[in-house]
Amino acid sequence: DESTALKWYRKAAQQGDAIAQCNLGNMYFLGQGVPKNESTAVKLYCAAADQGYANAQFNLGLMYSDGQGVSKDESTAAEWFRKAADKGHAEAQFNLGIMYGNGEGVDQSHATAVKWYRAAAQQGDANAQFNLGVMYANGEGVDQSHATAAEWFRKAADQGHAAAQYNLGIMYEKGEGVDQSHATAVKWYRKAADQGDAVAQYNLESMYENGRGVDQNNDLAVKWFWKAVADQGNAVAQYNLGAMYANDSDPRHCHSMAEKWYRKAAEQGYANAQCNLGSMYENGRGVDQNKDLAFKWYRMASLQNHARAQYHLALMYQYFPRIQSNYMAVELLRKAANQGNVDAQFKLGNMYKNGKCVDNDDATALKWFRAAAEQGHANAQSNLGVMYGNGYGVAKDESTALKWYRKAAQQGDA
């Protein structure tokens, strides 16, 4: 009965009872039995906090931290959190740890953040246990110790903390701070995934798809894909689901479904999906062929420095009449080649060798043929043999030419 509670809290508060003042403040803050009034809540919290009541001090810290009922003031928030923390209030200790970790209202100090996280963690606060695990994992404010990180993650995970469960899964998968165990990694990923953690769902899918820690099971892999995609909108999972449907060797392949999931990931800015969606429109796979839309998606991925998209966009600038620009083609090929894209490296080599779109430059052609050849590109290896065999851009060297011809031949280059 909120009205009765309000009546008695008010009577006790008027007599200076700190607990009643704090509880009455909570009712005004939440709008229970009275119109919501954050300013009145602050006044009541102040009355109780000034009497040393830790819950009120903590609540007052929250009000100043969030700017509710008072002007936002992180330094005052830290003062009230400290008063409550000194009395052993676990949530205040945790919040004070965050403020020291981020340098909010206090000078940043990871060591002091660890001190307060530890105080709260030792009282069983799962969030503090998780943050303390993160500090040990990263070596912030303490000597790095994956084993100690795993201990704190486990304490939080046992209380159902999803992020701790996920991190513990990572540690078991990689064998960091614990003996490697894919089966145990799956156990913790599943616990976090069941709480809706999208990255855990994605990792669990990968474990089922590759049979790590569980029997390989494509149906369960797809199930976790769908949970990560549908429930969370995870762009990586959306992209991977698109890739699964795009794979012609997969019995579930469906180009229209591939386009659907690539688009969802692409619209979130995921460059791999943008590039693949561009390819689908360029080649008319699962969609009507549309060069304009192909250009759009390649360009969006290229702006994120996606090398494969830069290569395909360069070809469009070279061969698509409406936007033809040799300058843009060469610039994009250079960007892709400098990132190690082998097709761009080979094409640049041909451009410089044949003087197409650029001035003939055998030395530069040699540079790009070598870059592609060293990545195993058979045609580049053959062309590099020609360059050495004839002394184009380099001193004639028949033994080196033979070396590259042999490498190309071993890959079936006639």
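**Rings, burial and charges**

Mentor: Let's start with a cluster: Tyr239, Tyr262 and Tyr270 are linked by ring pairs. Keep in mind that this is a predicted model, with a mean pLDDT of 92 for the protein chain.

Trainee: What makes the pair of phenylalanine 130 and phenylalanine 153 tilted?
Mentor: Their planes stand at 40°, and a pair is stacked under 30 degrees and edge-to-face over 60. The value falls in the rest, so the pair is tilted. This pair joins helix α8 and helix α9, with the two residues 23 apart in the chain, and both phenylalanine 130 and phenylalanine 153 are buried.

Trainee: Why is the pair of phenylalanine 295 and tyrosine 317 called edge-to-face?
Mentor: Here the planes are at 80°, and the cut-off is over 60, so edge-to-face it is. Phenylalanine 295 sits in helix α17 and tyrosine 317 in helix α18, so parts 22 residues apart in sequence get tied together.

Trainee: How do you know whether asparagine 59 is buried or exposed?
Mentor: Its relative accessibility is 14%, and buried means under 20%, so asparagine 59 counts as buried. You'll find asparagine 59 in helix α4, where its side chain makes a 3.1 Å polar contact with that of asparagine 26.

Trainee: What lies over the face of tyrosine 392?
Mentor: That's lysine 353, at 4.3 Å from the ring centre; the distance limit for such a charge is within 6 Å.

Notes
Residues are numbered from 1 along each chain as its sequence is written. This is a predicted model: local features need pLDDT of at least 70, side-chain atom pairs count only at pLDDT 80 or more; totals for chains, interfaces and linings use all residues. Side-chain values use heavy atoms; hydrogens and water are left out. pLDDT is the predictor's confidence in each residue, from 0 to 100. Helices (H or I, at least four residues) and strands (E, at least two) are DSSP runs, numbered from the N terminus. Buried means under 20% relative accessible area, exposed over 50%, partly exposed in between (1.4 Å probe, protein chains only). A polar contact is a pair of N or O atoms within 3.5 Å; within protein, one must be able to donate a hydrogen and the other to accept it, and residues adjacent in sequence count only if both atoms are side-chain atoms. Rings of Phe, Tyr and Trp (its six-membered ring) pair if their centres lie within 6.5 Å; planes under 30 degrees apart count as stacked, over 60 as edge-to-face and the rest as tilted. A charge sits over a ring if NZ of Lys or CZ of Arg is within 6 Å of the ring centre and within 35 degrees of the ring normal.
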